[in-house]
Amino acid sequence: GLSIGDTYQGGIIFYLDATGCHGLIAAPSDQSTGIQWYNGSYSVTNAVRDGIGAGEFNTERIIANQATGAYAAQICANYQGGNYGDWYLPSKYELNLMYLSIGEGNALGLGYVGGFASNLYWSSTEDNYDYAWVQGFSSGNQLNYGKDGSGCVRAVRAF
């Protein structure tokens with residue numbers, strides 16, 4: 001069977017559903033250690049979903065609004081880890097699960113297996129015109145942060 005913390009399909013499992021057969025995987029390393037959420041222009045992207053699977057929808061909304069470029073959602077969508085092309089920027093909820101399971105939150109007692117920086121990580125969940133949600137991987141706090149700020153990015157995918 002699969003377990004949280006296992007290496008699987010190009011990343012590290014950080015969430016399993018009740019069946020133990022489906023879940024979420026984090027890329028094994030950061031896609032960026034300092035990139036903006038937006039592509040140079042403020043707007044409302046309607047990337048406001050939160051929860052399991054919400055990051056995929058949010059990533060699509062962000063890219064539809066912001067077009068191509070070098071920003072958090074786009075670099076996740078472009079990531080091809082493990083030869084998979086369905087990576088996305090995690091929702092606020094998915095990012096917190098990542099922190100708690102394979103990050104410094106270590107709620108499951110697995111140790112710090114994700115190799116995250118002690119920094120702010122972008123979620124795909126927008127707060128408003130100017131701000132999106134980040135997770136502090138040293139403190140565990142989630143806060144809204146200016147879309148033009150610099151944050152780390154870790155892509156995720158569902159299996």
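Helices (H or I, at least four residues) and strands (E, at least two) are DSSP runs, numbered from the N terminus. This model is predicted: local features need pLDDT of at least 70, side-chain atom pairs count only at pLDDT 80 or more, and totals for chains, interfaces and linings use all residues. Residues are numbered from 1 along each chain as its sequence is written, and side-chain values use heavy atoms, with hydrogens and water left out.

**View 1. Leu100 lies in helix α3.** Leu100 is partly exposed, because its relative accessible area is 33%. Leu100 is in contact with Gly105, Asn106, Ala107 and Leu108, leaving aside its neighbours within four places in sequence. Contact means heavy atoms within 4.5 Å. Now find Phe14. It is 86 residues from Leu100 along the chain, yet their C-alpha atoms are separated by 8.7 Å.

**View 2. Helix α3 (92-102) is mostly covered.** Eight of the 11 residues of α3 are buried. They are Lys92, Glu94, Leu95, Leu97, Met98, Tyr99, Ser101 and Ile102.

**View 3. Helix α1 spans residues 54-66.** It has 13 residues. From first C-alpha to last, α1 reaches 18 Å, close to the 18 Å expected at 1.5 Å a residue. That expected span is 1.5 Å times one less than the number of residues. Which residues of α1 are buried? They are Ala54, Gly55, Asn58, Thr59, Ile62 and Gln66. Seen down the axis of α1, these buried residues fall within an arc of 130°, so they line one face of the helix. The arc is that of the directions from the helix axis to the C-beta atoms. The buried residues of α1 pack against α2 (72-78), α3 and β5. Ala67 follows α1, and its phi is positive, near 65°.

**View 4. Asn46 and Asn83 each have a positive phi.** Most residues other than glycine have a negative phi. Asn46 has a phi near 65°. It lies in the loop between β4 and α1. Asn46 counts as partly exposed, because its relative accessibility is 46%. Asn83 has a phi of about 65°. It sits in the loop between α2 and α3. Asn83 counts as exposed, at 75% relative accessibility.

**View 5. Pro28 is found in the loop between β3 (23-26) and β4 (32-35).** Its relative accessible area is 45%, so Pro28 is partly exposed. What does Pro28 touch, not counting residues up to four places away in sequence? Its partners are Gly10, Gly11, Ile12, Tyr79, Gly114 and Arg154. Tyr71 is 43 residues from Pro28 along the chain, and their C-alpha atoms are separated by 19 Å.

**View 6. Tyr42, Val44 and Tyr129 form a nonpolar patch on the surface.** Together they have about 270 Å² of accessible area. Such areas come from the Shrake-Rupley method with a 1.4 Å probe; for residues, only the protein chains shown count as cover. Patches are made of residues with over 30% relative accessible area and no salt bridge; like charges are joined within 9 Å, nonpolar side chains (Val, Leu, Ile, Met, Phe, Trp, Tyr) within 5 Å. A salt bridge is a side-chain nitrogen of Lys or Arg within 4 Å of a carboxyl oxygen of Asp or Glu. Tyr129 is found in the loop between β5 (120-126) and β6 (131-136). Tyr129 counts as partly exposed, at 43% relative accessibility.

Key:
Buried < 20%, exposed > 50% of the residue type's maximum accessible area, 1.4 Å probe, protein only.
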